[in-house]
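Here's a quick briefing to read with the model open beside you. Have a look at the structure first, then work through the points below.

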Amino acid sequence: TVTRTVLALDALTVGYAGAPVVDRLTLDVAPGDVVALLGANGAGKTTLLRTVSGLLVPRSGRVLLDGDDLTTTPVEERARRGLAQVPEGRSVVAELTVEENLTLGALWKVPGRRARRAAIAELYEQFEPLARRRRALGHQLSGGERQMLALARALVSQPRVLLLDEPSLGLAPRVVAQLMGVLRDTARRTGLTVLLAEQNVTSALSVADRGVVLALGKVVADAPAADIAADPALRHAYLGF
Ligand code: ATP
């Protein structure tokens, strides 16, 4: 069988001052796959996502999108090629409305006002809480609404690969469930490929097809999400429950 790969990480080594934080990490992601990146605090998840999006340049190894080497390609060019990152912390523009934030997200990727309006209208259908709050300012939103807006703003540019860092952080379980539901529906409907870094293992595995567990910058497990959820030894050793 032919396995197609949209995103390939090839022997990536990334670090700051001292020892590497991501250590010769290799990972192939198939189109439409939702991959949960798991591992304890400090395992290297954020560092890995930042290397894929282009905020960090690896010491060695390569990042490939559709087989093209993007290892040293600037962030904006990667974004143009379909990589979108939602960083930790639900950054939205506080002084702009929900709708203005979404328009901003669409500005470069969706040319033409009419097309942008259509793209935003489509998002509102999936993100009903945002539709209700379209005239609210960023700073007036709840944590859950802000995270939803950060996600929607990344999706409005119609990326092919979405990088999500800890979207559940600090949100109530009900809000996390709603967010993960939207993410799962979007992935199924559009074939979006997702790399989802999460400390919230249960939530992440509930939307993911595949779980990749990192420890000390290396992949220590890579299996279907259901298998990881059902492996007590693995959970106990690396995931803390
Ligand atoms: P978290 O869930 O806390 O985000 P993580 O798995 O995403 O954890 P990273 O944030 O990638 O892990 O951090 C991995 C290691 O790199 C940690 O030991 C951290 O202290 C270190 N580190 C992260 N960012 C920097 C930085 N800017 N400068 C120096 N060291 C850093």
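This is a predicted model: local features need pLDDT of at least 70, side-chain atom pairs count only at pLDDT 80 or more; totals for chains, interfaces and linings use all residues.

**Pockets, ligand and a few local details**

**Second largest pocket**

- This pocket has a volume of about 230 Å³.
- Its lining is made up of 13 residues, and Glu122, Leu155, Gln158, Thr186 and Thr190 are the ones nearest the centre.
- Two helices, helix 4 (113-126) and helix 7, each put at least two residues into the lining of the second largest pocket.
- Helix 4 is the top contributor to that lining, with four residues.

**Largest pocket**

- What is the volume of the largest pocket? It comes to about 650 Å³.
- The elements that give two or more residues to the lining of the largest pocket are helix 2 (75-80), strand 6 (83-86), helix 3 (98-106) and helix 6.
- Helix 2 gives the most here, with five residues.
- In all, 21 residues line the largest pocket, and Ala79, Leu83, Ala84, Gln85 and Ser157 sit nearest its centre.
- Sorted by class, the lining of the largest pocket has eleven nonpolar, five polar and five charged residues.

**The cavity**

- Searching the whole structure turns up one cavity of 30 Å³ or more.
- The largest cavity holds about 30 Å³ of space.
- Helix 6 (143-155) and helix 7 (173-190) are the elements that give two or more residues to the lining of the largest cavity.
- The residues lining the largest cavity are Gln147, Leu151, Leu164, Pro167, Leu179 and Leu183.
- That lining splits into five nonpolar residues, one polar and no charged.

**Around the ligand**

- There are 13 residues around the ligand, and the closest are Asn41, Gly42, Thr46, Thr47 and Gln199.
- By class, the shell around the ligand holds four nonpolar, six polar and three charged residues.
- Which element supplies the largest share of the shell around the ligand? That's helix 1 (residues 45-53), with three residues.
- Asparagine 41 has a side-chain N or O atom 2.5 Å from an oxygen atom of the ligand.
- Tyrosine 16 has a side-chain N or O atom 3.3 Å from a nitrogen atom of the ligand.
- Glutamate 166 has a side-chain N or O atom 3.4 Å from an oxygen atom of the ligand.
- On its own the ligand exposes 620 Å², and the protein buries 57% of that.

**Helix 1**

- Helix 1 is largely enclosed by the rest of the structure, because seven of its nine residues are buried.
- The buried residues of helix 1 are Lys45, Thr47, Leu48, Leu49, Thr51, Val52 and Ser53.
- Thr47, one of those buried residues, is also listed among the residues closest to the ligand.

**Threonine 71**

- You'll find threonine 71 in the loop between strand 5 (68-69) and helix 2.
- Is threonine 71 buried or exposed? With a relative accessible area of 8%, threonine 71 counts as buried, because buried means under 20%.
- The side chain of threonine 71 makes a polar contact with the side chain of aspartate 69, at 2.4 Å.
- A polar atom of the threonine 71 side chain also lies 3.0 Å from the backbone nitrogen of valine 63.

**Alanine 223**

- Alanine 223 is part of strand 10 (residues 218-224).
- The relative accessible area of alanine 223 is 22%, so alanine 223 is partly exposed.
- Alanine 223 and valine 35 are 188 residues apart in sequence, while their C-alpha atoms are 9.8 Å apart in space.

Methods: Residues are numbered from 1 along each chain as its sequence is written. Side-chain values use heavy atoms; hydrogens and water are left out. On a 1 Å grid over the protein atoms alone, a cavity is a set of points where a 1.4 Å probe fits but cannot get out, and a pocket is an open set with protein on both sides within 12 Å along at least five of seven lines; lining residues have an atom within 4 Å of a point. Grid points are joined across faces, edges and corners, and a volume is the space filled by probe spheres set on the points. Ala, Val, Leu, Ile, Met, Phe, Trp, Tyr, Cys and Pro count as nonpolar, Asp, Glu, Lys and Arg as charged, and the others, Gly among them, as polar. A residue is near a molecule or strand if one of its heavy atoms lies within 4 Å of it. A polar contact is a pair of N or O atoms within 3.5 Å; within protein, one must be able to donate a hydrogen and the other to accept it, and residues adjacent in sequence count only if both atoms are side-chain atoms. Accessible areas come from the Shrake-Rupley method with a 1.4 Å probe; for residues, only the protein chains shown count as cover. Buried means under 20% relative accessible area, exposed over 50%, partly exposed in between (1.4 Å probe, protein chains only).
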